[in-house]
Every structure is written in structure tokens, then in C-alpha cells.
Amino acid sequence: GGHANQNSAYGVYLDNSAAADAAPKSITISNFKADHNLGYGIHALSKGVISLTDVNVKMTTGASMAAIDLDNHWLGAGISLSKVTSSENNGVGINLITNGTVTFKTGTVEGNAGNALQLNESGVDLAADIILSNLYLEENDGYGAEIYSSGAITLTNVHAIANLGGVGMFLENFACSSCPISILYSGTGFNEFNYNFDTGLYIDTKGTVVMNKVNALGNQNYGAVVLNTGAATPVNVTISNGLFSGNQDNGLLVDSRGIITVTGIEANGNLGVNYGALLINSNDYSGNKGVNVEKRKFDLNTDTGLY
């Protein structure tokens, strides 16, 4: 392992982006700490794969800089993060710019003065996926996560809680004409998008949406918003086993051109003159439309429970 602490500029600055396109070089950082630096904690530019494993960055004081800032957008190389922590920094916790697949497995991003995680994966010709699992994005002053993708997005066991500057989890892969978004939970528990300053979970996609074991509680705007009305042909939304309660606006808002299926959810005690759940079929297509609701509770909302 190693460390880069208390530097008056960057903790780590790595740049091999000048390598030839035909022979891109990778960057790998493991078992590393970067604390109390004035600039970036870790800043890496590359045309190859960037990998971080067992990395901890905290107390970076540069307000306009991300504590961890990784950019390999030139080609299709991906970014891999595993067991990464970014906490108590004076700006964004983690910023990723890439046109390749992103995997972030096991991490904590908390107490930062900006967004916890921001990711701009928007290659025009490359539909690369984003895979996030076992993440805690908590008590940041911006969004828990702000993600723009050109591929499928898959979340498993993700928690975005008490972020004070925006949406708990914002997911958009509108650049892809059919890429899905899935939010799943493995084991006992729920994905959590709770007590955020804005909406808990916001999804905008042209693909199918599957959500299982999702809680969106006590947010200052909507609990969860799911939109896939931009699809050229109908694609479905399936939501099962979740709580969408105690929010300042609708607990759950879904607007889809396909079939909406909701099973085993509760949307109770949402405030303002709003609904527990508002499910909309926009621009319906003959033979592929409808709303299916089973095993549900919509109680004690200040307006209609289910609309």
C-alpha cells in the first residue's frame, strides 16, 4: 500500500493519455490513501482501463475539484472501482468520465460538499453498461448520484440517503434507444433512496425498467419517478416489493408507453395535495397498454391513494 497526504496541490496526478490509440496504457491503483490534499485526491487521465481497489480519499479541500477524478473518454476502455471510499471532501466525492463500461462494487461516498458520485458515460457509438453494487451514498451536499449513460444501468444493493443538495439517485440513459434500467436487491433488505432534499429516485430512459425491493421514504419531493415515454415502441415498467411513503410529493410516479405492473408495494402518508401512487399510460399503443396493480396499500395520503 501507499499514501499521498497533506500536499499543497494534488495527492496523485497520473496522465498517460498521450499513448497511441493502438496501444493504450492502463492505470491501476490499489491499497492507497490520499488525505488532506489541497487539489484532487486522485486525478487520472488515460486511454486505457482505470482501476481502483482498496482506495480511501478524504478531506480534500479543493472546492472546485473532485476528490477522485478519473477520465478515459478517448476510447472504449472502462473504469473499475472496488472497495473505494471518498468522504468529507470539499467538492464532489467521485467524478468519472468515460465511454466504456463502469463497474463500482462496494464503496462508501459520504459527507462531501458536492455530489457523491457523478458519471458521464455518453459515447455516441458505444453502448457501454454501468454496474453499481453495494454502495452507500449518504449525507452529501449534492446528489447521491448523477449518472448519464449510453448503455444499460444495473444497480444492486444501493443506498442513497440524506443527500442535502438534490436527488438521491438520478439515472438517465436516454442516449440509447432501448437500454434497460434494473434496480435489484440480493439478500435481506432493500435498496434505499430515503430522506433526500429532492426526489429519492429519478429514472429517465427509453428502455424497460425493473425495480425490486426499493424504498423511497421521507424525501422532500417525490419518492420515486420513472419515465420511459420516449421509447419508439412500448416498453414496460415492473415494480415489486417496495415502500414509497412519507414524501412531500407523490410517493411513486410512473409515466410509460408500455404496461405498468406494480406488485407488493405500499405508498402511504405522502404529503401535500398529492397521490400515494400516480401511474400514467402516455401515448398508448393498441394491444400493449395497461396498468396492473396487485398486493398493495395506499393509505393516509393527503390526496388520492392510487390514481
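A disulfide is a pair of cysteine sulfur atoms within 2.5 Å. Cys176 and Cys179 form a disulfide in this predicted model, with their sulfur atoms 2.0 Å apart. The whole structure also holds five aromatic pairs, and lysines lie over ring faces at Phe174 and at Phe190.

**Disulfide**

- The count of disulfides comes to one, and the partners are Cys176 and Cys179.
- A disulfide is a covalent bond between the sulfur atoms of two cysteines.
- The torsion about the S-S bond of Cys176 and Cys179 is about 70°, so this disulfide is right-handed.
- Cys176 counts as buried, at 9% relative accessibility.
- Cys179 is buried as well, with a relative accessible area of 10%.

**Aromatic pair Tyr10 and Tyr40**

- A search of the whole structure gives five aromatic pairs, and one of them joins Tyr10 and Tyr40.
- The rings of Tyr10 and Tyr40 are 5.0 Å apart, centre to centre, with 45° between the planes, and the pair is tilted.
- Tyr10 lies in the loop between β1 (2-3) and β2 (12-15), while Tyr40 lies in the loop between β3 (27-35) and β4 (42-45), so the pair ties together parts that are 30 residues apart in sequence.
- Tyr10 is partly exposed, its relative accessible area being 32%.
- Tyr40 has 16% relative accessibility and counts as buried, because the cut-off for buried is under 20%.

**Aromatic pair Tyr143 and Phe170**

- The ring centres of Tyr143 and Phe170 lie 6.4 Å apart and the planes are at 70°, so this pair is edge-to-face.
- Tyr143 sits in the loop between β11 (130-138) and β12 (145-148), and Phe170 belongs to strand β14 (residues 169-172), so the pair ties together parts that are 27 residues apart in sequence.
- Tyr143 has a relative accessible area of 22% and is partly exposed.
- Phe170 counts as buried, at 13% relative accessibility.
- Tyr143 and Phe170 belong to one aromatic cluster together with Tyr148 and Tyr202.

**Lysines over ring faces**

- Lys206 lies over the face of Phe174, at 4.7 Å from the ring centre.
- Over the face of Phe190 lies Lys213, at 5.6 Å from the ring centre.

Definitions and conventions
Residues are numbered from 1 along each chain as its sequence is written. This is a predicted model: local features need pLDDT of at least 70, side-chain atom pairs count only at pLDDT 80 or more; totals for chains, interfaces and linings use all residues. Side-chain values use heavy atoms; hydrogens and water are left out. Rings of Phe, Tyr and Trp (its six-membered ring) pair if their centres lie within 6.5 Å; planes under 30 degrees apart count as stacked, over 60 as edge-to-face and the rest as tilted. Helices (H or I, at least four residues) and strands (E, at least two) are DSSP runs, numbered from the N terminus. Buried means under 20% relative accessible area, exposed over 50%, partly exposed in between (1.4 Å probe, protein chains only). A charge sits over a ring if NZ of Lys or CZ of Arg is within 6 Å of the ring centre and within 35 degrees of the ring normal.
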